Amino acid sequence: MPGLEYLIAALTPFHIMLALAGVVAGTIVGSLPGLTATMAVAVLIPITFSMEPASALILMGAIYTGAIYGGAYAAILLNTPGTPSAIATTFDGFPMAKRGDGDLAVTLACIASVVGGLVGAAFLLWLSPPLAKVALAFGSVEYFWLAMFGLTMISALSQGSLLKGLIGACFGLLLSFVGVAEISADVRFTFGSRTLLGGIEIVSALIGLYCIPVLIDMVATPDRHLKVTHKTGGFRLAEALAFSWNYKFNLIRSSVIGTLVGILPGAGGSIAGLVAYSEARRASKNSKDFGHGAPEGVQATESANNATVGGGFIPTLVLGIPGTPPDAVILGALLIQGVRTGPTLFTDNGSTVYTFIYGLFLATLLMLPTGLIIGRYAYRTIITVPKSMLVPTVAFMTIIGSYSIRNSVSDVMIMIALGVVGWFLNRFGFSPSPIVLGLILGRIAEQGFVQAWTIGAATDELPAMFFGRPISLAIIAFILLSLFYPLIRGRWAAMRSSTDAE
Amino acid sequence: MPNEPNDMDSMTTKSDVAGTAMAGVFILLAAAAMWDTTTMVDADSYVFPRAVLIAMIVFCGLLIVRNLVRPGPSGANASAGSSARRVLLVAAMLGSTALMPVVGFFIAGLGAFLAIMMVAMYDPWTPYRRIVYPLACAAIVVVFYILFTRVLLVPLPSGLLFD
């Protein structure tokens, strides 16, 4: 076991207190629509200047892991993913809450997040250097195809027809182009509007497309927001633990998928939950229940997205390439502290790194009691607060949250406008998930496409650039599989039934 | 798979006229965006957007053709309830946001909170609710205002009137 003495160093009362405070603060921040893990970590950076690097890292890692879990509350109870990595949690979490199983969904999400976080931290502890090479194997064209894979997968997974999902994904990509182009500085698709010059901020769009339609429908009827079918006194912990044990393979598989996909900088976090969800549904005997409140779906997504915390730290610490925006903030804090990230970090600064990793284990374990208590409180609040107070509170949070990301009134306007557009599109069978993921992955996809296109055109090997690399071909195969899997499965089932009849 | 017609038990069975119409709207949007790409000078700016727009037009065309050749479920989610309250909610949010630079975040936010509370109110206004609900509104707005301005150091607009 690498550096057992660092485990003892991580278990000082001060570090336990930091981990606890970080997890609680992160969970609360993550549960509020508009407040992101990046913002929470960034705000706390000045506090960490006076700390030892290991203590600072433990605090920031605890906030980060707590915020990723906290995103599940809004996804389950309000159909609004607190973070992009919780998008797939809405698929089954919200239907569970609607039918009266919100408390079970929140407890399942907590257990899954803890398991995912522990698996991610274990990979970080034992397999960082070899796994970091995976991130280096991905070039620009691979990131382009990875983004396309994410979009085809969510188009196939979300409710509605595949074609509508693909149209939604294209619309999301189009939204990501709005504003000043990063590569060439051309002003694109603003049609003369100054409001659109700054582009469409991802988290504002996410809040608008998911949360505003829910609010619009909540005010329209006097019905309760969530159904309550039983006395809401407990966590339903025994039920959730039994379910987690029965579906332990789903839990472990999703955690490993989350860690491995989370290693890929930028694209990892938002795609990991989707890949795990897709795989859970493919492997499940109850695949028809997915999308209608299947607990396995919540389990898969939440374990995967918390595993990306440990996975994302692998390229951050070993290569100095931040896996996610919070990783980038933490990397900046490390540089200020004088810690140089890179392949020699684990040998030159072993004390700091291993103490931090054990601190991450500690924070993840502390997430179980704190997450259960905060989750129970969040659920009870949502089901007991009168609608006339719940709607304005959530609406106010969406406004202040959208504003605070870039201190921009335009972002709030865009958030509300996209919410109205999302409500109409949802009525016509267009799900918000492909649009949001198109917006998130648009920048990665465009950078990869333009770089590959430029190199391919310059070397006169355009087709080989896009279709001639082994990793690209593997991802293209997955894209085709995600698009045609329903067709293949239907044919396969028909063939089997005809064989059985004979 | 939820995208297969067999599994769409929660969806309506009428033909997808609205989906076809939306596909038409998306084609028009893509055409307008395509025209906008002609104003861009750098190939890096328009090469990927054009590829996406072409894909969008193709998918919309396929959806229209599919709906015409093989009318199927719309996948639309019917929504019952008061349209007036829906419009009032959006108007309150947009109105308060538009007023924010003038009257400041605190007053605009408090106004939006009170207006949306009245829009979402279905229970009778008892004397208790008349007193407690507005006080609770003010308390929530104050707590969030302090949290964002003092703890998270977000510069919320103070408004032209109070500068």
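The model is predicted: local features need pLDDT of at least 70, side-chain atom pairs count only at pLDDT 80 or more, and totals for chains, interfaces and linings use all residues. Residues are numbered from 1 along each chain as its sequence is written, chains are lettered from A and ligands numbered from 1 in the order in which they are written, and side-chain values use heavy atoms, with hydrogens and water left out.

**Interface**

The size of an interface is often given as the accessible area lost when the parts come together. Here chain B and chain A bury about 6,800 Å² between them, 78% of it on carbon and sulfur atoms; buried area is the accessible area (1.4 Å probe) that two parts lose on being put together, summed over both. In terms of contact (heavy atoms within 4.5 Å), 77 residues of chain B meet 77 residues of chain A.

Polar contacts are pairs of N or O atoms within 3.5 Å; within protein, one must be able to donate a hydrogen and the other to accept it, and residues adjacent in sequence count only if both atoms are side-chain atoms. Between chain B and chain A, 12 residue pairs are in polar contact, both residues at pLDDT 80 or more. On the side of chain B that touches chain A, α1 (17–37), α2 (43–69), α3 (83–103), α4 (105–119) and α5 (127–151) of chain B each supply at least two residues. Helices are DSSP runs (H or I, at least four residues), numbered from the N terminus. The greatest share, 16 residues, comes from α2(B). By class, this side of chain B holds 54 nonpolar, 13 polar and 10 charged residues.

Two salt bridges cross the interface, a salt bridge being a side-chain nitrogen of Lys or Arg within 4 Å of a carboxyl oxygen of Asp or Glu. One of the two joins A:D217 and B:R86 at 3.0 Å, N to O.

**Cysteines and a buried serine**

No disulfide (a pair of cysteine sulfur atoms within 2.5 Å) is found in the whole structure. For A:C211, the nearest cysteine sulfur is that of B:C137, 17 Å away. The sulfur of B:C60 is 7.8 Å from the closest cysteine sulfur, in A:C170, too far for a bond.

| Residue | Relative accessible area |
|---|---|
| A:C211 | 1% |
| B:C60 | 0% |
| A:S255 | 0% |

A:S255 lies in helix α11 (residues 248–262) of chain A. Leaving aside residues up to four places away in sequence, A:S255 touches A:V115, A:G116, A:V119, A:S303 and A:A307.

Definitions and conventions:
Ala, Val, Leu, Ile, Met, Phe, Trp, Tyr, Cys and Pro count as nonpolar, Asp, Glu, Lys and Arg as charged, and the others, Gly among them, as polar. Buried means under 20% relative accessible area, exposed over 50%, partly exposed in between (1.4 Å probe, protein chains only).
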